[in-house]
Amino acid sequence: MRPEDGAYSIVRPGRVTRDGEVPALKILLANDDGYRAEGLRFLREALTGVAPITVVAPDRNCSGASHSLTLEVPLRVQRVDEDTWYVINGTPTDCVHLAITGLFDFEFDMVVSGVNDGANLGDDVLYSGTVAAAIEGRFLGLPTVAVSLVAAAGGGPHFATAARVARELVLRLLARPLHRSMILNVNVPDLPYEALQGFEVTRLGHRHRAKAAVRGLDPRGREIYWVGAAGAGQDAGPGTDFHAVANGFVSVTPLQVDLTRHTALESLRDWLREPAGE
Ligand code: MN
């Protein structure tokens, strides 16, 4: 079957074996909470059986690492088990970058990142290592998926719910490929699966300014700071990711990497053309 115009086939040219068998899709799992994280284990379990899974994850919690690469120190790769679980002393982006640029002698078809322990709503995506790992997979030419569990007070965490949602989305992507290089940012309410209201396609909302940094003293009397908590949702009305999750829906936001403010190109040209004055 030919994919729709603009869609991308999961079977690449030259990847069909001689006897016509379609090789299995290979999925790379990554996260930013570190290789021991519960959400990653649930995700791996949920996707086992869908496709061959390889995990490449950081050796520690890298939440907030954003899209950073490690360039000044060497990266080391350790195997946790036989051949499907790798740990790197780097960032989430390092993990995916290495995995798709030389760690393996085969190509992956899709990156699934998560399940993050905490929301990646609105402005969070700029700081998120979970989303960064998914974005790094965009070169693969298939949609990549970042999945986060939006913590709620009491009852959770329902990582199993988020992992099951991830499985549903991956199966859907296999059946109906989306336009290439689309990044899906998925936020799942921290609820039992049966309590979910369904899926909602959303845009990113916006948070209030973050809470103040927390100042303290270390045991030797020197001043230290902790980055404060994220602000509450500000632009959080209907249509936003905040609103969907708050109402029990799985939020699915299509992301793109182009940060250009296209609408400002003309006015900025004019601005530069005008004399600046003294
Ligand atoms: Mn995290």
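In which loop is Ser 66 found? Ser 66 lies in the loop between strand 2 and strand 3 (77–79). The views below show this loop residue and other parts of the structure. The model is a predicted one, in which local features need pLDDT of at least 70 and side-chain atom pairs count only at pLDDT 80 or more, while totals for chains, interfaces and linings use all residues. Residue numbers start from 1 along each chain as its sequence is written.

View 1. Phi of Ser 66 is near 50°, a positive value in a residue other than glycine. Most residues other than glycine have a negative phi, and most peptide bonds are trans. Ser 66 has 18 other C-beta atoms within 10 Å, and is therefore partly exposed. A residue is called buried if 20 or more other C-beta atoms lie within 10 Å of its own, exposed if 12 or fewer, and partly exposed in between, with C-beta atoms placed from the backbone. Helices (H or I, at least four residues) and strands (E, at least two) are DSSP runs, numbered from the N terminus.

**View 2. The largest nonpolar core.** This core has 61 residues, and those with the most contacts inside it are Leu 43, Val 111, Val 112, Val 147 and Ala 166. Helix 5 (residues 159–175) gives the most to this core, with seven residues. A nonpolar core is a set of buried Ala, Val, Leu, Ile, Met, Phe, Trp, Tyr and Cys residues joined through C-beta atoms within 7 Å. In soluble globular proteins, nonpolar side chains tend to be buried together. Not counting residues up to four places away in sequence, Val 147 touches Leu 43, Val 112, Ser 113, Gly 114, Val 115, Asn 116, Ala 162, Val 165, Ala 166, Val 186 and Val 188. Two residues are in contact if their C-beta atoms, placed from the backbone, lie within 7 Å.

**View 3. The cis peptide bond at Val 115.** Gly 114 and Val 115 are joined by a cis peptide bond, with omega about -10°. Val 115 is found in strand 5, which spans residues 110–117.

**View 4. Helix 1 and what covers it.** Seven of the 10 residues of helix 1 (residues 38–47) are buried, so this helix is largely enclosed by the rest of the structure. The buried residues are Gly 39, Leu 40, Phe 42, Leu 43, Arg 44, Ala 46 and Leu 47. Their cover includes strand 1 (27–30), strand 2 (53–58), strand 5, strand 6 (144–150) and helix 5. Arg 41 is also found in helix 1, but Arg 41 is partly exposed, with 16 other C-beta atoms within 10 Å. Arg 41 and Val 55 are 14 residues apart in sequence and 9.7 Å apart in space, C-alpha to C-alpha. Gly 49, which follows helix 1, has a positive phi near 100°.

**View 5. Helix 1 against helix 5.** The axes of these two helices come within 8 Å and cross at roughly 40°. Helix 1 and helix 5 are therefore oblique to each other. On the helix 1 side, the contact includes Glu 38, Phe 42 and Leu 43, and on the helix 5 side Phe 159, Ala 162 and Arg 164 are among the residues involved. By class, the contact has 10 nonpolar, one polar and four charged residues. Axes are lines fitted to C-alpha atoms, for helices over the stretch in contact, and angles run from 0 to 180 degrees between N-to-C directions. Angles under 35 degrees count as roughly parallel, over 145 as roughly antiparallel, 65 to 115 as roughly perpendicular and the rest as oblique. Ala, Val, Leu, Ile, Met, Phe, Trp, Tyr, Cys and Pro count as nonpolar, Asp, Glu, Lys and Arg as charged, and the others, Gly among them, as polar.

**View 6. Helix 2 and helix 4.** Helix 2 (residues 92–100) packs on helix 4 (residues 129–136) at an angle of about 20°, with their axes 8 Å apart. That makes helix 2 roughly parallel to helix 4. The contact is made by Pro 92, Thr 93, Cys 95, Val 96 and His 97 of helix 2 and Gly 129, Thr 130, Ala 132, Ala 133 and Glu 136 of helix 4. Eight of the nine residues of helix 2 are buried, so helix 2 is largely enclosed by the rest of the structure. Just after helix 2, Gly 102 takes a positive phi of about 145°.
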